[in-house]
Amino acid sequence: MSESSTRSSGAYGVLGAAWAVALERLAIGPVWLRKAVAYALLAGVLYWIPTYFASYQVTEYTRIMAFALAALGLNLLTGYTGQISVGHGAFMGVGAYTVAILVTDHGVSHLVAIVIASLLSFVLGVVVGLPALRIKGLYLALVTLALAAMFPQFIKRFSDITGGSSGKEVPRLRPPEGSGLVQDQWIYYLTLVVVVVVFVLVRNLVKSRVGRALIAIRDNETAAETMGVNVTAYKLGVFGVSALIAGLAGGISVLREPFVNAGLFNIDLSITLLVIVVIGGVATIFGPAIGAIIAAELPTVTQDLVAGRFPDFKVDPYRPVFFAGALILLVFAAPGGITGAFKRIGAEGRIQLIQKQMLGRARQVSSGGPDSPP
Amino acid sequence: MSEFLQFTFIGLGKGAVYATLALALVIIYRTTGLLNFAQGEMAMFCTYFVWFGHDRGLPLPAAVLVGMFGGFLMGALIERLLVRPVSKKAMGNPLPIVIITIGLFLGLNGLAPIVFGEQAKTFPVPFGDGSVSILGASIFTRTLGTLAVLAVSVAVLWAIFQKTKFGLGLRAVASNAESSALVGVPVGRMLLIGWGMSAAFGALAGTLSVEGGLDNTLMALPLIYAFAAATLGGFDSELGAVVGGLLVGVITELLARYGTIGAYSVGQDLKLLPAFLLILLVLVFRPSGLFGKGEVKRV
């Protein structure tokens with residue numbers, strides 16, 4: 001979507017020029033060094049969060065990470081491969097319930113249960129992906145939507161195993177002795193490690209031959225097939241991996257919130273995941289993380305902003321309307337989401353800067369500057 | 001036997017409502033080739049228009065007309081302001097359109113309680129709440145009434161699509177907008193009217209489906225059943241939507257009563273399972289549905 005237009009447009013150009021100038025001033029040292037510093041800063045902030053914030057905030061950041069992880073899985077399927085799923089909340093639910101049932105009723109250790117939950121989600125993803133081989137675009141969205149709608153009913157129907165509407169308590173995973181960590185910090189770091197590892201793996205995947213094959217399938221399936229891409233295998237595989245990541249996200253979220261019930265994994269969750277992907281930026285690595293932060297913080301920030309001026313105004317009922325407005329606005333203004341917009345600003349800026357430099361050089365030449373031949 | 005018949009009748013009553021909403025889905029598909037995920041929420045919102053008209057003292061039939069008119073305007077506006085510019089830019093990529101309809105889904109669902117209040121609205125039951133006894137089982141008068149409305153709607157829609165030049169234009173645009181434009185069909189106007197008509201039907205479906213109270217969850221589940229109905233009947237057939245709707249209604253009711261999975265009965269809780277399986281199986285094995293015409297692929 002974002003690739004469709006590379007022409008200069010006013011707002012992006014102006015912003016971009018400022019951005020590019022700022023970057024040029026700040027550009028000290030080689031690219032790899034700048035990247036290393038940026039990642040080190042990011043790592044530092046992520047490490048420092050649970051030592052600074054209150055317990056409930058740390059738990060909130062852990063929740064955002066789980067959403068970012070699930071959205072990353074969805075992005076692999078929808079963003080990179082072009083297969084729309086409105087049902088990834090169901091895979092999160094499968095992961096969460098597998099962990100809850102195995103740990104609570106069968107005494108399996110948390111980490112083993114999470115591994116089993118991920119594998120089970122993978123298998124389910126492949127099963128749902130099978131019809132996807134014949135069903136395209138809008139119809140796949142329809143099937144996955146029906147799946148998302150059905151999942152809570154399934155949980156309710158088999159309530160003797162799942163706990164149904166009243167839910168199921170899961171024993172907590174306690175921090176190891178002598179680590180000095182309290183519960184919320186321990187789960188935060190555990191989640192962080194999982195999320196970082198999966199982000200790195202997915203990044204490597206999409207930059208590899210496999211990633212290029214997925215993008216080829218998205219952009220032109222027939223052409224991809226002609227080029228020797230095994231479309232069937234890739235589609236099934238990516239459906240499975242995408243479901244695995246969502247299931248993993250569901251599984252680790254049980255560590256944070258040791259309680260599951262049928263209402264948690266409804267259609268709204270599936271839609272939220274898609275919204276996160278779109279807001280953050282389709283087919284980008286950091287998009288899901290940025291989208292998850294915005295989706296979680298936007299209502300709180302807006303509440304804080306208006307609270308001073310209109311103390312009676314409650315933001316909560318407006319939350320879905322905000323998201324709806326943001327979504328529709330984004331499709332018009334920045335089809336690549338936030339990340340896409342920044343990329344575009346960067347690209348526009350570089351173009352403007354180069355144009356300016358060339359113009360300057362041309363003026364120098366024509367006015368007989370020091371560089372001009374005698 | 002009479003119990004079986006009883007559940008069949010209940011299923012017919014629900015199926016008639018699904019069929020009405022499925023008709024709205026079919027109208028959009030026939031004119032624009034899109035699946036509208038916001039159809040249910042649009043119908044819910046239009047039903048509030050009907051409630052508003054009735055609340056201000058209009059008799060129910062007049063209020064329904066008001067709702068349908070409001071629906072038409074709403075559908076036309078949505079097409080003109082949101083769908084058209086996006087589908088122009090999307091160039092065959094379905095994601096932006098899905099996002100727009102999901103945005104509408106969230107927006108209308110969130111807006112309804114803000115605009116009309118959170119409390120569920122009381123609503124007069126169309127066609128009364130009596131029942132007629134047939135073969136030892138009773139069938140509600142509202143089921144009969146809904147079926148009658150449905151029959152008239154299908155006849156009118158069929159006549160419009162198949163027998164008028166205008167209907168031919170609508171179908172032509174859906175099948176190939178570019179060629180239609182070349183032979184002089186006003187493509188934009190056709191798309192606009194398609195969305196308007198479909199939304200107007202939503203008002204009808206919503207009014208018929210109200211049981212007890214009206215709130216923003218009115219269409220959450222019926223939408224899935226309506227999609228199952230339209231898939232089963234074929235997305236490009238009005239008759240298919242009706243037959244599909246009735247079948248889905250009856251199948252889910254009977255399965256809820258008699259179906260089992262291992263030691264578990266399907267029961268009222270798992271009614272979406274047959275709908276989900278229908279969508280899945282029909283799309284995999286017969287994508288054009290019972291009555292639809294297969295799509296011809298050109299290289």
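This is a predicted model: local features need pLDDT of at least 70, side-chain atom pairs count only at pLDDT 80 or more; totals for chains, interfaces and linings use all residues.
Helix α4 of chain B, residues 95-116, has 22 residues and runs 31 Å from its first C-alpha to its last, close to the 32 Å expected at 1.5 Å a residue. Because 18 of the 22 residues of α4(B) are buried, the helix is largely enclosed by the rest of the structure. Just after α4(B) comes B:G117, which takes a positive phi of about 95 degrees.

Further along chain B, strands β2 (residues 131-134) and β3 (residues 137-140) pair in the antiparallel sense over 4 bridges. Within this pairing, B:S133 stands opposite B:S138 of β3(B).

The largest nonpolar core contains 208 residues. The members that touch the most others are A:A70, A:A146, B:A22, B:A229 and B:I279. Helix α1 of chain B, residues 2-32, supplies the largest share of this core, with 16 residues. B:A229 can be followed in detail: leaving aside residues up to four places away in sequence, B:A229 touches B:Y18, B:A19 and B:A22, and also B:A241, B:G244, B:G245 and B:V248.

The contact between the chains takes 36 residues from chain A and 35 residues from chain B. On the side of chain A that touches chain B, the elements giving two or more residues are α6 (137-157), α12 (267-280) and α14 (319-333) of chain A. The largest share of that side, 15 residues, comes from α6(A). By residue class, the side of chain A that touches chain B divides into 29 nonpolar, 4 polar and 3 charged residues.

Helix α15 of chain A, residues 337-366, has 30 residues and reaches 43 Å from its first C-alpha to its last, close to the 44 Å expected at 1.5 Å a residue. Buried residues in α15(A) include A:G337, A:I338, A:T339 and A:G340. Also buried in α15(A) are A:R344, A:I345, A:E348, A:G349 and A:Q352.

Helix α13 of chain A, residues 287-309, holds A:E297. A:E297 counts as exposed because it has 12 C-beta neighbours inside 10 Å. The C-alpha atoms of A:E297 and A:I64 are separated by 9.4 Å, although these residues lie 233 residues apart along the chain.

Notes: Residues are numbered from 1 along each chain as its sequence is written. Chains are lettered from A and ligands numbered from 1 in the order in which they are written. A nonpolar core is a set of buried Ala, Val, Leu, Ile, Met, Phe, Trp, Tyr and Cys residues joined through C-beta atoms within 7 Å. A residue is buried if 20 or more other C-beta atoms lie within 10 Å of its own, exposed if 12 or fewer, and partly exposed in between; C-beta atoms are placed from the backbone. Two residues are in contact if their C-beta atoms, placed from the backbone, lie within 7 Å. Ala, Val, Leu, Ile, Met, Phe, Trp, Tyr, Cys and Pro count as nonpolar, Asp, Glu, Lys and Arg as charged, and the others, Gly among them, as polar. The expected span of a helix is 1.5 Å times one less than its number of residues. Two strands pair if DSSP finds at least two bridges between them.
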